[in-house]
Amino acid sequence: MVGNRARAAIIRSQRIMGLAPGVVAELVAEIGPLWHERHQAALTARSRRRAVGAGAKHKLVFVDRLLATLVHLRHGATHDVLACWFGVDRSTITRAIGEVRPLLAERGCIVAPGLRLRTLAEVIDHLGSDGQTGIIDGTEVRVRRPAAGRKGREKFISGKNKQNAVKSMVVTDADGRLLFCSPAEPASCADITHARKLGLVKLLVNGPAVEILADAGYQGLGAQTGGRVVTPPHRKFKKNPPEWYAEMHERQRKAHSSRRIRVEHGIGHLKNWRALARHHGRREHMSDIIRAIAGLLSHQQTATLAGNLHM
C-alpha cells in the first residue's frame, strides 16, 4: 500500500500522472462516489451469507485505484509492476483498472466547466451553436494479432500501415482541443466508411450549419453534406498540368493543410499516453481506453485554459 507522502508526491508530479494536481483532485471527487455506488450495487445484487461490509477490507483504497489506472494509461506500466508498487496482488490491480477505466470513458470530453460532450451529435450541436469549425481525422493504434483461425482475423489488418490495428475518429475544434473520440473499429475500415457508420453525414445534413475540415480520406462527404465537409482540392490534371494550375493547386492544398493540422496536434497529445502507442492487452478494451484518455486530456486542456484566463 502506498503511504500518504508517496501518494501526495505522485499526485503532485505531472510527469507521472500526465495531469495537473487540481485535475486529479476533481477526478477523485467525481469518480469516487460513482465507483462506491457501483461497488455497493454489485455487493447487494447477489445472494449473501453475511451482511455487506463484513469480512476483509480493501487493501487498495479508491484513490490508489484511480492512481494505478492513470499511471497504467499514461506510461503503459504492467499490472505486475503496479502491484509491486502499491503492495497488492496483481489481480487486485487488474480488477481496479477494469472498474475505474469504464467510469473514465463515460465522462466524455470537457470543453468548459459544466459542459461535456459524450456523443458526436452533441459535438455537432456545440460547434454549430458557437459557430466554430471542426476538424476530423482517423488514428490507428497497433494491437496484438488475433489468434490463427479466429473468425474476422483479417479485419484488423490496416491497409495503410500493413499491421494489426484498431481505428478511431478524432474530432477537434479549430484550435486542436479534443471534442470527441469514437469507439474503436478494426483498422480495415476506411476513414470515410467509419464516419458514415458514426452518422456524421446525417448529423451534418439535418443539423446546424457546421464547417468540418478533413483530409483526402474523406473525399466524397462534401457532396453528401452540401459542402459542409471540406477536403483538399481535387487535382483535375493528372499529367502535365499547366504551370499556373500547379501553383494554384499547391497554394490551395497548403492553405487547407495549415488549417487542418490542428487535429494532428490533438492526436499527437493522445499518442503521448503509452496505452495508445501500442496496446498489448485485450482489443475489446480499446474503445474505453481511447475515450478515457480523450476525456482526461480535454479536462486538462480546459483546466489549463481556465487557469490562463484567470491569470
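Predicted model: local features only at pLDDT ≥ 70, side-chain atom pairs only at ≥ 80, totals over all residues.

Biologist: Among contacts between residues at least 6 apart in sequence, what percentage join residues at least 24 apart?

Modeller: The count here takes in contacts in the protein chain whose residues lie at least 6 apart in sequence. Of these contacts, the share joining residues at least 24 apart is 65%.

Biologist: How are helices α1 and α4 oriented to each other?

Modeller: Helix α1 spans residues 4-12 and helix α4 residues 62-75, and their axes come within 12 Å. The axes cross at roughly 40°, and the crossing is left-handed. Angles under 35 degrees would count as roughly parallel, and 65 to 115 as roughly perpendicular. The two helices, α1 and α4, are therefore oblique.

Biologist: Is R7 buried or exposed?

Modeller: R7 is found in helix α1, and its side chain is joined to that of N4 by a polar contact of 2.7 Å. Leaving aside neighbours within four places in sequence, R7 is in contact with V2, V61, V63, D64 and L67. Because its relative accessibility is 14%, and the limit is under 20%, R7 counts as buried.

Biologist: Which residue has its backbone nitrogen 3.2 Å from a polar atom of the side chain of S158?

Modeller: S158 is found in the loop between β3 (134-142) and β4 (165-173), and it is buried, with a relative accessible area of 0%. Not counting residues up to four places away in sequence, S158 touches E140, Q163 and A187. The backbone nitrogen that lies 3.2 Å from a polar atom of the S158 side chain belongs to K160.

Biologist: What is the phi of K162?

Modeller: K162 is also found in the loop between β3 and β4, and with a relative accessible area of 65% it is exposed. Most residues other than glycine have a negative phi. K162 is not a glycine, yet its phi is positive, at about 55°.

Biologist: Is P183 buried, partly exposed or exposed?

Modeller: P183 is found in the loop between β5 (178-181) and β6 (185-186). Its relative accessible area is 37%, whereas buried requires under 20% and exposed over 50%. P183 is therefore partly exposed.

Biologist: What distance separates the C-alpha atoms of P183 and I290?

Modeller: Not counting residues up to four places away in sequence, P183 touches K167, S168, H194 and S287. P183 and I290 are 107 residues apart along the chain. The separation of their C-alpha atoms is 7.5 Å.

Key
Residues numbered from 1 in each chain as written. Heavy atoms only, no water. Helix = DSSP H or I, 4+ residues; strand = E, 2+ residues; numbered from the N terminus. Buried < 20%, exposed > 50% of the residue type's maximum accessible area, 1.4 Å probe, protein only. Polar contact = N/O pair within 3.5 Å; in protein donor to acceptor, adjacent residues only side chain to side chain. Contact = heavy atoms within 4.5 Å. Axes fitted to C-alpha atoms, helices over the stretch in contact; angles between N-to-C directions. Parallel < 35°, antiparallel > 145°, perpendicular 65-115°, else oblique. Left-handed = near helix turned anticlockwise from the far one by under 90°.
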